[in-house]
Amino acid sequence: MAIDINNVLKTFGITDVNQGVSTGNDWFDTNGTITSSSSPIDEKEIAKVKNATMEDYEMVVKKAQEAFKEWRLVPAPERGEIVRLIGLELRKYKEELGALVTYEMGKIFQEGMGEVQEMIDICDFAVGQARLINGVSLQSERREHRLFEQYQPLGIVGIVTSFNFPVAVWAWNSALAAIAGDVVIWKPSSKTPLTALATQKIIGKVLKDNNVPEGVFNLIVAKSSVMGDNFLEDKRIPLMSVTGSSAVGKRVGSIVGKRLGKTILELGGNNAVIITPNADIKMAIASTVFGTVGTAGQRCTSTRRIIIHESIYDQVKDSMVNAYKSVANKIGNPLSENSLVGPLIDVHSVNNFRNSVAKVQEEGGKILFGGEIMEGKGFESGNYVMPCIAEAENHYEIVQEETFAPIVYLIKYSGEVENAIELNNNVPQGLSSCIFTLNMREAEKFVSAVGSDCGIANVNVGTSGAEIGGAFGGEKDTGGGRESGSDSWKIYMRRQTSTSNYGAELPLAQGVKFDF
């Protein structure tokens, strides 16, 4: 596909200055400040967005409350039909929206389209789930009584997304929330507001054609001064789904927890690949290179550590360096089909990368490859870096942290696989992990109760690139939230236990007698 960004912007009706508040199909002019969105590719301004005011926020919340009263009464399969149609509409604009994700965020075009495919996939998943919002029939201890559990719509779901997956995470949440009978208020990253506007405009046609009430799918582009702690404190919003750093998540959890609200927290990862002597090393290298440099290391599931047995350490190290030499020739404009690695999102991320490269050396680590800021033709934005491989120890302070950039630490282990698992687990975060081995005992130990303590534990599959069918999320400082597949839909609903007495007697539970 020959990509013309101006045509892409025109397709979505994105102009020089755009409205930043929508309740579905309706858009509202606001008097808030202006946010300018620039591409990390070349730092050129793409377009501006008008931010919401506090009055706009109140209007949207009230509209969402009204819509919820109506939407919760729509049968779940009918709600699923709306999500199905949204998935079809996304299919029509897969390349255009993928290109805009690439241009505004910086991931390569293949990954941009992959992100839109995630949106399509979760819509397909949610359509089926709409007919399987099932409860449980239980056995009552009392005669002529029925005991059962069921799930009811919850209310408004607040969604705060990050720049690295600017639209897919919205889809994970909103597709399931919608079939659950909830309504959503989406606050996108201020670094990627245009992809949010485009998504809202794509779904707007479906909402209009099917008379979906205004207020079911809401979008608010706003500064944190307008939509920050007050959003988290708002008791009208029973569930907050937030993607961000561990520090952000701890603040969110504290604020929402004070009002006993519910949270889905998708936070930082410090994901490790274990390569044992029994591994298919060629497979391990191919998978791990994507995990380390894909999305320029800006995935929550990006590989941060490679834990290698000492007997194969030099072989793996040399293979990684050679692979990076090939990747080095494919760093550039992510809209080009020749590029495998695009830019970091902004200069702040570049500085974090630079500081991590310096810090690991200060702590005693050794740079094996990369670590430089790219210069010259095509790299004028200052956002391109050479992916870095460093030898390190797991206990280094910098290794214990997550650097949201393409730097990976090689860590040597000796002895049995238990020693590698201990290293894998010995970080604050617990999102994704994997082991490469052809030994069944090693593989099964890794996914056992004494294995990886992460929310995702793979065997002969890398840390990055999860399917939507499984629940996505992690433990410890990763937040404990679960989104996407499996039974993640349950958190978007209110669980209810019911007892129905269809007899003529009124026996009490536990055989209690209370005669008067």
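In this predicted model, about 50 Å³ of space lies within the second largest cavity. The elements that contribute two or more residues to the lining of the second largest cavity are helix H3 (76-92) and helix H6 (168-180). Of these, H6 makes the greatest contribution, with four residues. The lining of the second largest cavity is formed by Val83, Ile86, Leu90, Cys123, Trp170, Ala171, Ser174, Ala175 and Phe217. By class, eight residues of this lining are nonpolar, one is polar and none is charged.

Rolling a probe the size of a water molecule over the atoms shows where empty space is left. Across the whole structure, four cavities of 30 Å³ or more were found. The largest cavity has a volume of about 190 Å³. A total of 15 residues line the largest cavity, and those nearest its centre are Phe165, Trp172, Cys300, Thr301 and Phe472. In the lining of the largest cavity, seven residues are nonpolar, four are polar and four are charged. Both domains take part in this lining: domain 1 (5-267 + 479-496) and domain 2 (271-468) each provide at least three residues to the largest cavity.

The protein is divided into domain 1, which covers 5-267 + 479-496, and domain 2, which covers 271-468. The centres of domain 1 and domain 2, taken over C-alpha atoms, are separated by 30 Å. Between the two domains, 28 residues of domain 1 are in contact with 23 residues of domain 2.

Open spaces were considered next. The largest pocket has a volume of about 1100 Å³. It is lined by 40 residues, and Ser162, Thr243, Gly244, Ser245 and Val248 are the closest to its centre. Four elements each supply at least two residues of this lining, namely helix H8 (229-233), strand S11 (239-243), helix H9 (246-258) and helix H12 (347-362). Among the contributors to the lining of the largest pocket, H9 gives the most, with five residues. The lining of the largest pocket comprises 16 nonpolar, 17 polar and seven charged residues. As with the largest cavity, to which each domain gives at least three residues, the lining of the largest pocket draws at least three residues from each of domain 1 and domain 2.

Strand S11, one of the elements that supply the lining of the largest pocket, also contains serine 241. The relative accessibility of serine 241 is 1%, and this residue therefore counts as buried. The side chain of serine 241 forms a polar contact of 2.8 Å with the side chain of asparagine 173. When neighbours within four places in sequence are left aside, the residues in contact with serine 241 are Gly158, Ile159, Val160, Asn173, Ile264 and Glu483.

Individual residues in loops were also examined. Asparagine 25 is placed in the loop between strand S2 (21-22) and strand S3 (27-28). With a relative accessible area of 27%, asparagine 25 is partly exposed. Computed along the sequence, asparagine 25 and asparagine 218 are 193 residues apart, yet their C-alpha atoms are 9.2 Å apart in space. Glutamate 43 has a positive phi of about 65° although it is not a glycine. The position of glutamate 43 is in the loop between strand S4 (34-38) and strand S5 (45-50), and its relative accessible area of 39% makes glutamate 43 partly exposed. Alanine 296, likewise not a glycine, has a positive phi of about 55°. This residue is found in the loop between helix H10 (281-293) and strand S14 (303-309). In contrast to glutamate 43, which is partly exposed, alanine 296 counts as buried, with a relative accessibility of 3%.

Methods: Residues are numbered from 1 along each chain as its sequence is written. This is a predicted model: local features need pLDDT of at least 70, side-chain atom pairs count only at pLDDT 80 or more; totals for chains, interfaces and linings use all residues. Side-chain values use heavy atoms; hydrogens and water are left out. On a 1 Å grid over the protein atoms alone, a cavity is a set of points where a 1.4 Å probe fits but cannot get out, and a pocket is an open set with protein on both sides within 12 Å along at least five of seven lines; lining residues have an atom within 4 Å of a point. Grid points are joined across faces, edges and corners, and a volume is the space filled by probe spheres set on the points. Ala, Val, Leu, Ile, Met, Phe, Trp, Tyr, Cys and Pro count as nonpolar, Asp, Glu, Lys and Arg as charged, and the others, Gly among them, as polar. Domain bounds come from an automatic or database domain assignment. Buried means under 20% relative accessible area, exposed over 50%, partly exposed in between (1.4 Å probe, protein chains only). A polar contact is a pair of N or O atoms within 3.5 Å; within protein, one must be able to donate a hydrogen and the other to accept it, and residues adjacent in sequence count only if both atoms are side-chain atoms. Contact means heavy atoms within 4.5 Å.
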